[in-house]
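Please read the following account with the sequence and the model side by side.

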Number of protein chains: 2
Amino acid sequence: MTALRWLDPPAGPAIELLDQTRLPAIEAVVMCTDVPQLVDAISRLVVRGAPLLGVAGAFGVALAAMRGDDVEAAAAAIAGARPTAVNLGWGAAQALAAFRAAARRADPVPGHNLGAQAALEAAWSIAAADAAASAAMAEHGLSLVPAGARILTHCNTGGLVSAGAGTAFGVILAAHRAGRLVKLWVDETRPLLQGARLTAWEARRAGIPHALLTDGAAASLMAAGEVDLVVTGADRIAADGSVANKVGTYNLAVLARHHNVPFVVVAPVSTVDLDTPDGASITVEHRAAGEVTSLAGQPVAPPGTPVYNPAFDVTPPALLTAIVTEQGVMQPVTAGNLRDLGVANGAVAAPQATFYVER
Amino acid sequence: MTALRWLDPPAGPAIELLDQTRLPAIEAVVMCTDVPQLVDAISRLVVRGAPLLGVAGAFGVALAAMRGDDVEAAAAAIAGARPTAVNLGWGAAQALAAFRAAARRADPVPGHNLGAQAALEAAWSIAAADAAASAAMAEHGLSLVPAGARILTHCNTGGLVSAGAGTAFGVILAAHRAGRLVKLWVDETRPLLQGARLTAWEARRAGIPHALLTDGAAASLMAAGEVDLVVTGADRIAADGSVANKVGTYNLAVLARHHNVPFVVVAPVSTVDLDTPDGASITVEHRAAGEVTSLAGQPVAPPGTPVYNPAFDVTPPALLTAIVTEQGVMQPVTAGNLRDLGVANGAVAAPQATFYVER
């Protein structure tokens, strides 16, 4: 994992986190040897991203159990570190359930903490499932990437938010390794600049030829014939195939259609929410004006300027070429195809992806 | 004028400039009592924008003449303050020509500087022509604004770059004064944030209800039915009607077409360049990576990240609802209509708008 490492004794037990708040300028780690340190790191966004927070939550419970702390209290504290990040609480609950089940059994080896072992196994299992889903999405998505591809992406979807290679970025990395990727175009992704700060960093680290652009420059790039494929992630997929994702995604989908460029969304099945009938049913979170009016503490607009700052936008299924999940490529994107996916996925372990807002 | 004031004796002779480098945080002026001060201010972008630089160049020559300086040297120094800003040298040359013509005549009133008077009159004349063009564009453009309009604009096109109310912003201001404007949506306009820094400031100053948004958020705003009209300026208009303007403009034009929102360009006839046959003939200037990779001195991407940073993009005529000039509304935008405009405008005084890149 790029962004999180579990350390066993004697170095641990500990969780080592890549400090994402200091990227891209500084690559530093934060070592968490107890739960309060982890809670602090999570709340400060040292670690972030829906799938990875699930992993972090589970390892946090395992850490508490290893230390002999009050595991119930630790799970509650971890879940409360970012109350809207549903995967975090879900991961902690999974590890807590494994701990309880093991603790109910008699401990046959005195001095051997079976509950802690069970919690740790649950955490590794969540990480492995996430990595496996990434690998499957990458393999399926690769089938949509032509040789010599120039791919445009938005926001941050790689190893910083996943225990594997991620969603859209996983496909991009697979295309790079398969020798099919000539250039990765990275949208800077205003207002929080996840593309500039994080995806450009990951592209460089992976040796992927890339260039950064402002979100408004993507249109001229497509007009120049420099984009063969747009690939993004998804925060939530409604039953009709509407995709909610980081603001600017729908912009790209309209541009891609105008320029006859395929537009592909990569997301795990857990992102599909059949209880949300369509795009209009998705509630859009509007975020603070300061994200737009200032940058790195510097004001870039008059103080008090009113702002329209939706966290995400909604792309209708008609603009999607395909949705790639760990189960395969859905093309075309239709309500029927999504329903089948939901049925096939009835026993999936991950939470129905509630609406996680990337920070 | 918002951004430039000429001061006669006894307060002057002097040119008082609103320091645009300190907006929006601080409203301060820079007083230029001699040409070196003016040259410094121009090169530091205290004053900017094609039409206003023409005015500033002419007043600068008048200032030199008033002071009894070497007027020829002063005109050359002013033109050299920003060599790519063609209007600047043109304005200085106009005032210099007036000075020379008057100086060739015998001075009938000893102690009375006829050359300086002529240069000053030339400067006022350029300012008046610019203001008159703004007023005419505003009047013509107003005919395209429905009652209760929500208008989206890009970059900065108002009184900070013009001796009048400007181009697109002039139409917006006229709509506001006519009671037809319900809301102005201001694209922040990455990378240099002219919308956030300057247009939001001008909107607030004019009492226009407005909100700022990231460039990538415009699509969701249109999908929500919140935009009735897009109005932008133009840097250059080719003979086929292709419009080169600040990067992100073409993005908006594609979005507007997808959402059936009218897209109107407002620009003086001098912007029409019949020697450039079409959009493909326009050379795109690519600017420094640092504009994208850092902001206000803070790095926002890994050092050395490659960047795609075109200064402008090109919108084809098929996406334009109309072009508004001081001569009227051109609708539809066709090569024939543009040629007629060029013919009608054969004796126009302003320079063929060479490609002025806004900073």
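In chain B, B:Lys246 has B:Phe312 of β14(B) as its bridge partner, and B:Ala244 is likewise bridged to B:Val314 in β14(B). The model is a predicted one, in which local features need pLDDT of at least 70 and side-chain atom pairs count only at pLDDT 80 or more, whereas totals for chains, interfaces and linings use all residues. Residues are numbered from 1 along each chain as its sequence is written, chains are lettered from A and ligands numbered from 1 in the order in which they are written, and side-chain values use heavy atoms, with hydrogens and water left out.

On the β8 side, strand β8 (residues 236–238) of chain B pairs with β9(B) in the antiparallel sense over 2 bridges, and B:Ile237 has B:Val243 as its bridge partner in β9(B). The two strands form a hairpin with 4 residues between them, and B:Gly241 in the turn has a positive phi of about 95 degrees. These strands are part of an open sheet of 4 strands in chain B, with the order β11-β8-β9-β14 and mixed pairing. Because β11 (272–273) and β14 (312–315) of chain B each have a single partner strand, they stand at the edges, and one side of each is left without a neighbour in the sheet. Helix α9 (residues 249–258) of chain B lies across β9 and β14, running at about 35 degrees to β14(B), where axes are lines fitted to C-alpha atoms (for helices over the stretch in contact) and angles run from 0 to 180 degrees between N-to-C directions.

Chain B also holds an open sheet of 7 strands, again of mixed pairing, in the order β6-β5-β4-β7-β10-β15-β16. Its edge strands are β6 (210–213) and β16 of chain B, each of which pairs on one side only, and the twist averages 25 degrees from one strand to the next. Strand β5 (residues 181–187) of chain B is joined to β6(B) by 4 bridges, the two running parallel, with B:Trp185 opposite B:Ala211 of β6(B). Helix α6 (residues 168–177) of chain B packs on this sheet, touching β4 (149–153), β5, β7 (229–232) and β10 (263–266), and its direction makes about 155 degrees with that of β5(B). α9(B) touches β4, β5, β7 and β10 of chain B as well, its direction making about 145 degrees with that of β10(B).

The two chains meet in a contact (heavy atoms within 4.5 Å) that takes 48 residues from chain A and 48 residues from chain B. The buried area, meaning the accessible area (1.4 Å probe) that two parts lose on being put together, summed over both, is about 4,000 Å² between chain A and chain B, and carbon and sulfur atoms give 68% of it. There are 2 salt bridges between the chains, a salt bridge being a side-chain nitrogen of Lys or Arg within 4 Å of a carboxyl oxygen of Asp or Glu. B:Arg190 forms a salt bridge with A:Glu188, with the closest N and O atoms 2.6 Å apart.

How values were computed
Two strands pair if DSSP finds at least two bridges between them.
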